[in-house]
Amino acid sequence: MPALTLFLIRHGDRWDYANKEAWASRCAAHGHVVEDPPLSALGHRQAREVAAALSGEQVSAILVSPYARVLQTAQPLAHALALPMYVEPALAELGHLPQKIVDAAARVPFFPEVDETYRPIQGGIVTDGATGKEPRLEYLRRILTLAEALSERFPGQTIAAFSHAASVALVAALTKSPSLCAAGTFAPCGIYKLVLSDDGAWHVESRGDDNSAHISRNSPTTFPWGWQHIRHASSDEVEALWARALALGASEAPVAQAADATCAADRDT
């Protein structure tokens, strides 16, 4: 069986980072979700450059976070390869607000490449009852769920998974790193390539902390981010949180049944 290969890609430059006040005021005026900004013009350019970099890699499945900027980043590759996009909440942003972010079916009028029949790996998100936000610990446990499920769901395939900077935690989860900060940083439209070997171990073949091989320009408002940069927590606190997540294991949120969850993906294998 061919090796399972994962390309993990961070989304491109965000429009709101250089236009914070304008984005906030327009969201307030029109009832938009401020946490779901689009790409900037530069971000769209970066997305096209990612598509050019990956178009020859025999990608067979495209997974995307449910956020607009990630869908926009993945769309050029979906066009280039004539593949559907599978919205996978397990790839959602750190601090995910599932009640604010629309589901896959609602994205179809704007992203017709989305296959709304795809059943996600994790059937729910554990949130804080007061804020509606997913706690950091549960985010990390969600990443562990995703790491455990990839080889069963997509055996022998080449996957392009589009997500956020915090998903560098997936690199730590797959490689069984005891340190979260040591996983590295994630550049805008950076690409991590990981391959599952015959012995069941994942190996990093190329890193996503530097995008200079395929991205022509970056914005100073979006930089390579790692867990050592997280706000309101020291590196020691981050590592303690990772250790706790590893001790608890994968999320206790519902996991989609395999028979239903694989139906959409299997059509393209």
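Colleague: In which sense do strand 1 and strand 6 pair?

Modeller: Before that, a caveat: this is a predicted model, where local features need pLDDT of at least 70, side-chain atom pairs count only at pLDDT 80 or more, and totals for chains, interfaces and linings use all residues. Residues are numbered from 1 along each chain as its sequence is written, and side-chain values use heavy atoms, with hydrogens and water left out. Strands here are DSSP runs of E with at least two residues, helices are runs of H or I with at least four, both numbered from the N terminus, and two strands pair if DSSP finds at least two bridges between them. Strand 1 (residues 5-10) and strand 6 are joined over five bridges, and the sense is antiparallel.

Colleague: Which residue of strand 6 stands opposite Leu 6?

Modeller: Strand 6 covers residues 191-196. Opposite Leu 6 stands Leu 194.

Colleague: Why is strand 6 described as largely enclosed?

Modeller: Buried means under 20% relative accessible area, exposed over 50%, and partly exposed in between, with a 1.4 Å probe and protein chains only. Strand 6 is largely enclosed by the rest of the structure because the number of its six residues that are buried is five.

Colleague: What about the other neighbour: how many residues lie between strand 6 and strand 7 in their hairpin?

Modeller: Strand 6 and strand 7 run antiparallel, with four bridges joining them. Lys 193 has Ser 206 in strand 7 as its bridge partner. In the turn, Gly 200 has a positive phi of about 85°, and the number of residues between the two strands is five.

Colleague: Which ring does Tyr 86 stack with?

Modeller: Rings of Phe, Tyr and Trp (its six-membered ring) pair if their centres lie within 6.5 Å; planes under 30 degrees apart count as stacked, over 60 as edge-to-face and the rest as tilted. The structure holds five such aromatic pairs. This one has 4.8 Å centre to centre and 15° between the planes, and it links parts of the chain 32 residues apart, with the partner in the loop between helix 5 and helix 6 (136-153). That partner is Tyr 118.

Colleague: Phe 186 and Tyr 192 also pair, so what geometry do their rings have?

Modeller: Phe 186 counts as buried at 0% relative accessibility, and Tyr 192 likewise has 0% and counts as buried. Their ring centres are 5.1 Å apart and their planes sit at 80°, so the geometry is edge-to-face.

Colleague: Where is Ala 92, and what is its relative accessibility?

Modeller: Ala 92 sits in the loop between strand 3 and helix 5 (104-107). Leaving aside neighbours within four places in sequence, its contacts (heavy atoms within 4.5 Å) include Tyr 67, Tyr 139 and His 164. Ala 92 counts as buried because its relative accessibility is 1%.

Colleague: How far apart are the C-alpha atoms of Val 238 and Leu 180?

Modeller: Val 238 belongs to helix 8 (residues 235-248) and, at 4% relative accessibility, counts as buried. Besides Leu 180, it touches Cys 181, Trp 227, Ile 230 and Ala 233, not counting residues up to four places away in sequence. Val 238 and Leu 180 are 58 residues apart along the chain, yet their C-alpha separation is 7.4 Å.

Colleague: Last one: what radius of gyration does the protein have?

Modeller: The radius is taken over C-alpha atoms, and the globule rule is 2.2 Å times the number of residues to the power 0.38. With 269 residues, a compact globule would come out near 18 Å, which agrees with the protein's value of 17 Å.
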